[in-house]
Amino acid sequence: MLFSSIPFLYYFFPVVIILYLIAPGLQLKNTVLLITSLVFYAWGEPLYVFLMILSIVSGYVFGLLIEKYRGKGAAKLFLMLSLVVSLGSLGYFKYADFFIANFNAATGLSVPLLRIALPIGISFYTFQLLSYVIDVYRGNTRAQKNFISLATYISLFPQLIAGPIVRYTDIERQLGDRSISIDKAALGLRRFVIGLGKKILIANQMGELCSIFRESGDKSIAFYWLYAIAFTIQIYFDFSGYSDMAIGLGKILGFDFMENFNYPYISGSVTEFWRRWHISLGSWFRDYVYIPLGGNRRGAVRQIVNILVVWFLTGFWHGAAWNFIAWGLLYAFFLVIEKLFLLKVLKKAKGINHVYVMLLVILGFVLFNATDMAEAFSYIGNMFGIGNAPLVSDEFFYYLRSYAVVLIAACIGATPLPKMIAGKIEESKAGEIVLAVLEPIFLMAVFIIITAFLVDGSFNPFLYFRF
C-alpha cells in the first residue's frame with residue numbers, strides 16, 4: 001500500500017488514527033500499531049509478512065541471548081548467527097538470481113534462476129534488525145524483553161517500506177514514553193502533505209517525462225539531458241517526499257524520526273552531497289561498517305580500502321545489478337579523490353564546485369536508473385554526442401515546454417529558498433498571522449489537487465520499492 005493512494009489516505013490511516021486514539025495506554029497503542037502495520041504490509045505482500053514476522057522473532061530471541069551471555073564467547077556466536085540469518089534472508093531473496101546469472105556467465109552453465117519476488121522493504125527492516133542486535137552486543141542498549149515493543153519498532157508502517165532507517169537506540173525511549181499532542185500532530189500533518197505534494201505533483205510528473213523519453217523514437221542529445229535531469233529531480237522528490245511523509249506520520253503518532261534529506265542538490269562536493277542525501281543509510285554504513293573496519297584511523301591506504309568496501313556495499317544494497325555496484329564505486333572514487341586533495345580546491349572554486357557535483361550526480365543517476373551497463377554507456381555516450389543522436393529534436397522542445405513549470409518549481413523546491421522566504425515572512429507579527437491563516441488553506445488546496453490526481457488514476461510509481 002502506498003502512502004500516496006486513495007486506500008491509505010481515506011480508509012487505512014483514518015481507521016488507524018481512530019483505533020490508536022481510543023486505545024488506552026502506550027502498550028495497547030503499540031499493539032494497535034503492530035497489528036495495523038502488519039495489515040499495511042500484508043496488503044501488498046500477504047505471503048512475505050510471515051517472513052518479516054520470522055525476522056522479528058529471530059531478532060528478539062538473538063537479542064535476549066546476546067545480552068544474557070554478553071562478555072562471553074557465546075554472545076559473539078549468537079551475534080554471528082543473527083547476522084547469518086538476517087543477511088542470509090536478504091541475500092536469498094534479493095541477490096540469489098544475481099549470483100546465479102553471473103555464475104552462468106562465467107562458467108557457461110545454465111543453472112536455472114530462482115525468479116523470487118523481492119519482498120518490499122526487506123533491505124530497510126533487515127538493516128534495522130542488524131543495528132538492534134549489534135547495539136545490544138556492543139552494550140549500547142539493553143535487549144528489549146517486550147516482544148510487542150520490538151515488533152512495533154521493526155514493523156512500524158510509516159518507515160517500514162522506505163525508511164528512514166530508524167535505529168532502535170533512537171526510538172527505544174519513545175516506544176514506552178512518547179507525547180501525543182494536537183500541536184505535534186499538526187506539525188506531522190503539515191509535513192505529510194508537503195511530502196505527498198512533492199511525490200504526486202513533482203516526482204510523478206518527472207517520472208512521466210522519463211517514461212515518455214524511454215518510449216520515444218526521436219531521441220536527441222538535448223532530450224537525453226532532459227531525461228537525465230528529470231530523473232535526478234524525480235528520485236529526489238520521490239524519496240525525500242516519502243521520507244517527509246514517514247516523518248510526518250511518525251509525529252502524528254508521537255514519534256520523532258531522524259531527518260533523511262537536507263537539500264543535497266546545493267552541495268559543493270560529493271562528500272557534502274552524501275552527508276545530505278539518504279542520511280540514515282549513510283550514517284548506518286559509517287557506524288556499522290566503515291568505523292568497525294578502522295575508518296580513517298589506520299592510515300591513508302586502509303582508509304581508501306574502507307571507503308571502497310563501504311561504497312561497494314552501498315551500491316549493492318540498492319540493487320542486485322552491476323550498474324548499482326558501478327554507481328557506488330563511482331562515488332567511492334570521487335570521495336577518495338576529494339579526501340586526498342580535491343576538497344581544498346573545491347572550497348576555493350565557488351560556483352564551479354556546485355556544477356561539478358550536479359554533473360556527477362546527474363550522470364550517476366543515469367547509471368543508477370539504467371537497466372544494465374550497456375544502456376548506461378549508451379545513454380551517457382549520447383549525452384556527450386557519442387552516437388547518432390541529433391543535437392535537438394521537435395520532441396525535446398515540445399516536452400521542455402510542457403514540463404517547464406514543473407521543472408522550474410522543482411529546481412526552486414530543491415533549495416532552501418522557499419523555507420527561507422517563509423521564515424522571513426514569519427519574522428514579523430503580521431507575517432506570522434498571514435501564514436497562520438494561509439498555510440492551512442494552501443495545504444488543504446494541495447491535498448484536494450493531489451486527491452484529484454489520484455482519483456484520475458495518474459502515473460504513481462514509487463522508485464524505492466525496487467530496493
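Predicted model: local features only at pLDDT ≥ 70, side-chain atom pairs only at ≥ 80, totals over all residues.

Analyst: A search of the whole structure finds 15 salt bridges. Side chains of opposite charge can pair when their charged atoms come close.

Helix H9 covers residues 182-215. The side chain of Arg 191 meets that of Glu 259 in a salt bridge, at 2.6 Å from N to O. Arg 191 sits in helix H9, while Glu 259 sits in the loop between helix H10 (221-252) and helix H11 (270-276), so this pair ties together parts that are 68 residues apart in sequence. The two partners differ in cover. Arg 191 is buried, because its relative accessible area is 18% and the limit for buried is under 20%. Glu 259 is partly exposed at 38% relative accessibility.

Arg 214 belongs to helix H9 and Glu 375 to helix H16 (residues 373-383), so the pair ties together parts that are 161 residues apart in sequence. Here the arginine, Arg 214, is partly exposed, with a relative accessible area of 31%.

Within it, Glu 67 forms a salt bridge with Arg 70, and their closest N and O atoms are 4.0 Å apart. Glu 67 counts as buried at 13% relative accessibility. Arg 70 counts as partly exposed at 33%.

Back on helix H9, look at Ala 186. Ala 186 is partly exposed, with a relative accessible area of 45%. Its C-alpha lies 7.4 Å from the C-alpha of Ile 252, although Ala 186 and Ile 252 are 66 residues apart in sequence.

Now the surface. Arg 275, Lys 339, Lys 344, Lys 347, Lys 348 and Lys 350 form a positive patch. Helix H14 (residues 322-348) supplies its largest share, 4 residues. Lys 350 sits in the loop between H14 and helix H15 (352-369). Lys 350 is exposed, with a relative accessible area of 67%.

Helix H13 (residues 300-318) gives the largest share, 6 residues. Val 301 is found in helix H13. Val 301 is exposed, with a relative accessible area of 65%.

Last, the cysteines. How many disulfides does the structure hold? It holds 0. The sulfur of Cys 210 has its closest cysteine sulfur in Cys 411, 13 Å away, which is too far for a bond. A disulfide needs sulfur atoms within 2.5 Å. Seen from Cys 411, the closest cysteine sulfur is that of Cys 210, again at 13 Å. Cys 210 is buried, with a relative accessible area of 5%. Cys 411 is partly exposed, at 46%.

Notes: Residues numbered from 1 in each chain as written. Heavy atoms only, no water. Patch = residues over 30% accessible without salt bridge, like charges linked within 9 Å, V, L, I, M, F, W, Y side chains within 5 Å. Areas by Shrake-Rupley, 256 points an atom, 1.4 Å probe, with all protein chains shown as cover. Lys, Arg positive; Asp, Glu negative; His and termini not counted. Charge placed at Lys NZ, Arg CZ, Asp CG, Glu CD. Helix = DSSP H or I, 4+ residues; strand = E, 2+ residues; numbered from the N terminus. Buried < 20%, exposed > 50% of the residue type's maximum accessible area, 1.4 Å probe, protein only.
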